[in-house]
Amino acid sequence: MNIQNGILPATKSMKDFERLLESNSEYIILLEVRVSQVKSLVQYAKKYNKKVFLHADLIQGLKTDDFAIEFLCNEVKPYGIISTRANVINRAKKHKIIAIQRLFLLDSHALEQNMKIIQKTQPDYIEILPGLIPKLIKEIHNEVNIPVIAGGLIRSQEDVTNALEGGAFAVTTSRTELWNFS
């Protein structure tokens, strides 16, 4: 992936989606979209040469079982899928779609359990939340040798810089002021 300024812009609003269509960003992450809209939004974005990642867990009206992911992969055809669920990651990889495993780093036990899941699923990328812990970004990347994306609670340019300097491949954020598109 070729990421501009280290940022993967994430949107939950149509206004920001439209703004991203006109931006220089090659990628768009769709959050909290309705199942009835998802196919047309991805098709529309493709007309603007955008590569869309769908956060499968946040698609309203979609149960993230194997059949739903099969629908997303075969009918919607996003560039990538983001999920916390191992079955979603496995199904996306089976369909040769970029798979981003999202992890919540709550405590040491959660980190241990997540590392076991990562070893089994072998996603293309890992997104860790909160993305404000550079030491863990580097530790996770070193352990599994999978690029890490920092997300969650990224509120300032300093947060972006710290995550990238801490070893993150990129940063996801819905804060439009951090997208920095020309």
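Just after helix H6 (residues 134-144), Asn 145 takes a positive phi of about 55°. This is a predicted model, in which local features need pLDDT of at least 70, side-chain atom pairs count only at pLDDT 80 or more, and totals for chains, interfaces and linings use all residues. Residues are numbered from 1 along each chain as its sequence is written, and side-chain values use heavy atoms, leaving out hydrogens and water. Helices (H or I, at least four residues) and strands (E, at least two) are DSSP runs, numbered from the N terminus.

- Leu 136, Ile 137, Ile 140 and Val 144 are the buried residues of H6 (buried means under 20% relative accessible area, exposed over 50%, partly exposed in between, with a 1.4 Å probe and protein chains only).
- They sit on the same side of H6 because they cover an arc of only 110° around the axis, the arc being that of the directions from the helix axis to the C-beta atoms.
- Exposed Lys 135 and Asn 142 lie on the face of H6 turned away from its buried side.
- The partners of the buried residues are H5, strand E6 (125-129), strand E7 (148-150) and helix H7 (157-165).

**H5 against H6**
- Helix H5 (residues 108-121) packs with H6 at an angle of about 35°, their axes 11 Å apart (axes are lines fitted to C-alpha atoms, for helices over the stretch in contact, and angles run from 0 to 180 degrees between N-to-C directions).
- Residues making this contact (heavy atoms within 4.5 Å) include Leu 111 and Met 115 of H5, and Glu 139 and Ile 140 of H6.

**Strand E3**
- Strand E3 (residues 51-55) has 4 of its 5 residues buried, so it is largely enclosed by the rest of the structure.
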